[in-house]
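Dear colleague,

Please find the structure below, handed over for your records. My notes on it follow directly after.

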Amino acid sequence: IILICDRTAELFADKLVNCRVLVGPCSSSTFARECEGCTFWVATKQFRIRDCKDCTFYLHCHTEPVIESSRGISLAPFIAEYPGLAAQFREAKFDPTRNFWSAVYDFSGRADKANW
């Protein structure tokens, strides 16, 4: 279990396996690369994953999330809560009503089946 219950400027999550990761508001970009069997709770301005498999992301994102070369990905709206999170959203200038978690751009998607 990885808990970052604070604001961050940028986040890279690389090669995590069977982890649960909670990240407070990230004012720039969040990248998950080569992760497997993980569950993430992420609030970020920009979100991108590459080469991940069988991961779930509970996401608050101010831009379209990007998936590249990944499979078995599940996405849902951010549902985490911890003391101080609302204040961190305000400090990061995140609008809780503006969430593009489902507006996914899949670089490696196929016409017959999505990767998420």
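With which side chain does the side chain of Tyr 82 make a polar contact? The partner is the side chain of Gln 88, at 2.4 Å. A polar contact is a pair of N or O atoms within 3.5 Å; within protein, one must be able to donate a hydrogen and the other to accept it, and residues adjacent in sequence count only if both atoms are side-chain atoms.

Before the remaining findings, please note that this is a predicted model, in which local features need pLDDT of at least 70, side-chain atom pairs count only at pLDDT 80 or more, and totals for chains, interfaces and linings use all residues. Residues are numbered from 1 along each chain as its sequence is written, and side-chain values use heavy atoms, with hydrogens and water left out.

Overall fold

The protein has one helix and eight strands, which are DSSP runs numbered from the N terminus (helices: H or I, at least four residues; strands: E, at least two). From the N terminus on, the order is β-β-β-β-β-β-β-α-β. The radius of gyration, taken over C-alpha atoms, is 13 Å, close to the 13 Å that the globule rule gives for 116 residues, so the protein is as compact as a globular protein of that length. That rule is 2.2 Å times the number of residues to the power 0.38. Along the principal axes, the C-alpha atoms fill a box of roughly 40 × 25 × 20 Å.

Of the 116 residues, 41% are buried (under 20% relative accessible area, with exposed over 50% and partly exposed in between; 1.4 Å probe, protein chains only). The protein exposes about 6300 Å², of which carbon and sulfur atoms supply 49%; accessible areas come from the Shrake-Rupley method.

Tyr 82

Tyr 82 is found in the loop between strand 7 and helix 1. With a relative accessible area of 10%, Tyr 82 is buried. Leaving aside residues up to four places away in sequence, Tyr 82 touches Ile 4, Cys 5, Asp 6, Leu 22, Gly 24, Pro 25 and Gln 88, where contact means heavy atoms within 4.5 Å.

Aromatic pairs

The structure holds six aromatic pairs. Rings of Phe, Tyr and Trp (its six-membered ring) pair if their centres lie within 6.5 Å; planes under 30 degrees apart count as stacked, over 60 as edge-to-face and the rest as tilted. One of the pairs is Phe 40 with Phe 57: the ring centres are 4.8 Å apart and the planes are at 10°, so this pair is stacked. Phe 40 lies in strand 4 (residues 39-50) and Phe 57 in strand 5 (residues 56-61), so the pair ties together parts that are 17 residues apart in sequence. Both Phe 40 and Phe 57 are buried. The rings of Phe 78 and Phe 89 have their centres 6.1 Å apart and their planes at 40°, so that pair is tilted. Phe 78 sits in the loop between strand 7 and helix 1 (85-91), and Phe 89 in helix 1. Ring pairs also link Phe 40, Phe 47 and Phe 57 into a cluster.

Ser 70

Ser 70 is found in the loop between strand 6 (66-68) and strand 7 (74-77), and is buried, with a relative accessible area of 4%. The side chain of Ser 70 reaches the backbone nitrogen of Cys 52 at 3.0 Å. A polar atom of that side chain also lies 3.1 Å from the backbone oxygen of Glu 68.

With kind regards

Key: Areas by Shrake-Rupley, 256 points an atom, 1.4 Å probe, with all protein chains shown as cover.
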